[in-house]
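Morning, everyone. Please bring up the structure, and I will walk you through it.

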Amino acid sequence: MGWFGPHGGGGGTFARGIHPPANKHFSTGCAIEVVPCPERVVLPLQQNVGGPCTPVVKPRQKVAWGELVGRGEAFVSSALHAPVAGTVERPAMTTLPNGRHMPAIAIRTEDPGLTGQDLWEAVFGGPWSNDCIGSYEPQQIHEAILEAGIVGLGGAAFPTHVKINPNTQKPIHTLVVNGCECEPYLTADDQLMRQAPDAIIAGAFLAGYAVGARRVVIGVEDNKPEAVESLRRAVGRTGIEVAVLKTKYPQGSEKHLIKAVLGREVPLGGLPADVGVAIGNVGTMAAVARAVVRNRPLTHRVICVTGAGVARPKNLMVPIGISIGEIIDYCGGLTAEAARIVAGGPMMGFAVADRATPVTKGTSGITVLTAKDIETSAAGPCVRCGRCVEVCPMGLVPTKLAQAARTGDLRLARRHNILACFECGACAYSCPARIPLVQWIRVGKTQVARSQGR
Ligand code: SF4
Ligand code: SF4
């Protein structure tokens, strides 16, 4: 059973983009460790793009490991499950990694359940037989993903059941799986591909079958040769392809990965489905396999803790809802040079001010930067060098977008397609005048979205 496509291909990429220092050496090759169960987890009610979930538990209620605690009621929302067995506390407020305040369900742990290697085996360990995964129907796969509360684990946190859904209006011919991890520093996906390739292949197979794809391709950048080898060994008879791509930022964005792997352009303002493609991250695929084959919801994820500001960088498997402070302590604490904690990578992540901030489903890593890493000169005037335009992967004119935001000129912002910017930061990274282009563009996007009643 399989797609029987060619095993390989690659060398592709997309136009423009940048090559920032990879800085992956801090945690590359560090085997994934399972963090001890925390005494308490805090689960924000919204960890996904779309609507929040509604609590289905009350204070003082006992919950079991993996039990449903929040139901996603909107079509674009996701369910929430207890990552520990314990007692629900009084309603809490928390701060998301992006700084937004959010109601949360807090659970005091009473029984950690499986720990260490036993937990790893239950979540990622084999066997994931291809014969066994061929026995599920598309609707069964879709429902298992929905019930498990799976969202895109690459950082986007878009509910996976919305994407992995047979699309009668826009038939899907190809599932592209994102193994790029193009953000500097981060290595969690790389390590997952090395250590749990069978779970990823099983999930990709199931997701491809569920969307009706004739072809499944995993795109991996050429700076991860061990991951490529590991996936190629695990592909077996599935016919899933592994495409090796030239390393470039931001190749992991949906539109640019589709261009790199398939040579297809997603139209401005369009979606992958417009060109017959569905897309998902490697960690998301492993979560799909677990939900379908083992009936296990999304309660844990793999993250990377990295940078010169943390004593012992690691790749970790953690429960959703553990605090960023506890994770840093597990990694030996901060170094004397630590200056900024970032949830995610340095290009698209968010600076975190509070150690109590919980890891959410979309937290792909914690990067601790030093003063030297973030030192920057004051912004100067635009020297019209055009570098921001040369690197923008969306073909936008960042200098015009920032100008439109600064002057409140929404017509100019719209004319230059400000909403097409996905805030990759390539323009700001390249600007010799150190103009905070992305911050301005973010302001402009908010102004335009408000003016359109969004
Ligand atoms: S304008 Fe937006 S999409 Fe273009 S480089 Fe800047 S942040 Fe990235
Ligand atoms: S890179 Fe900076 S200085 Fe150069 S055109 Fe763009 S905004 Fe101006």
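Start in the largest nonpolar core, which has 137 residues. A nonpolar core here is a set of buried Ala, Val, Leu, Ile, Met, Phe, Trp, Tyr and Cys residues joined through C-beta atoms within 7 Å. Buried means that 20 or more other C-beta atoms lie within 10 Å of the residue's own; exposed means 12 or fewer, partly exposed is in between, and C-beta atoms are placed from the backbone. Which members touch the most other members? They are A204, L206, L231 and I327. Helix α6, residues 197-211, gives the most to this core, with 11 residues.

Now take L231. Setting aside neighbours within four places in sequence, L231 is in contact with M193, P197, I200, I201, I218, V220 and V242. Contact means that two C-beta atoms, placed from the backbone, lie within 7 Å.

A word on the source. This is a predicted model: local features need pLDDT of at least 70, side-chain atom pairs count only at pLDDT 80 or more, and totals for chains, interfaces and linings use all residues. Residues are numbered from 1 along each chain as its sequence is written, while chains are lettered from A and ligands numbered from 1 in the order in which they are written.

Next, the whole chain. The protein chain has 16 helices and 18 strands. These are DSSP runs numbered from the N terminus: helices are H or I, at least four residues, and strands are E, at least two. The radius of gyration is 21 Å, close to the 22 Å from the globule rule for 454 residues, so the chain is as compact as a globular protein of that length. That radius is taken over C-alpha atoms, and the rule is 2.2 Å times the number of residues to the power 0.38. Buried residues make up 51% of the 454.

On to the ligands. Ligand 1 is surrounded by 15 residues, and the closest are C392, C421, C424, A426 and C427. Near means a C-beta atom, placed from the backbone, within 6 Å. Which helix gives the most to this shell? It is α16, with three residues. By class, the shell around ligand 1 has 13 nonpolar, one polar and one charged. Ala, Val, Leu, Ile, Met, Phe, Trp, Tyr, Cys and Pro count as nonpolar, Asp, Glu, Lys and Arg as charged, and the others, Gly among them, as polar.

Last, ligand 2. Around ligand 2 there are 13 residues, with C382, C385, C388, T399 and C431 the closest. That shell divides into eight nonpolar, three polar and two charged.
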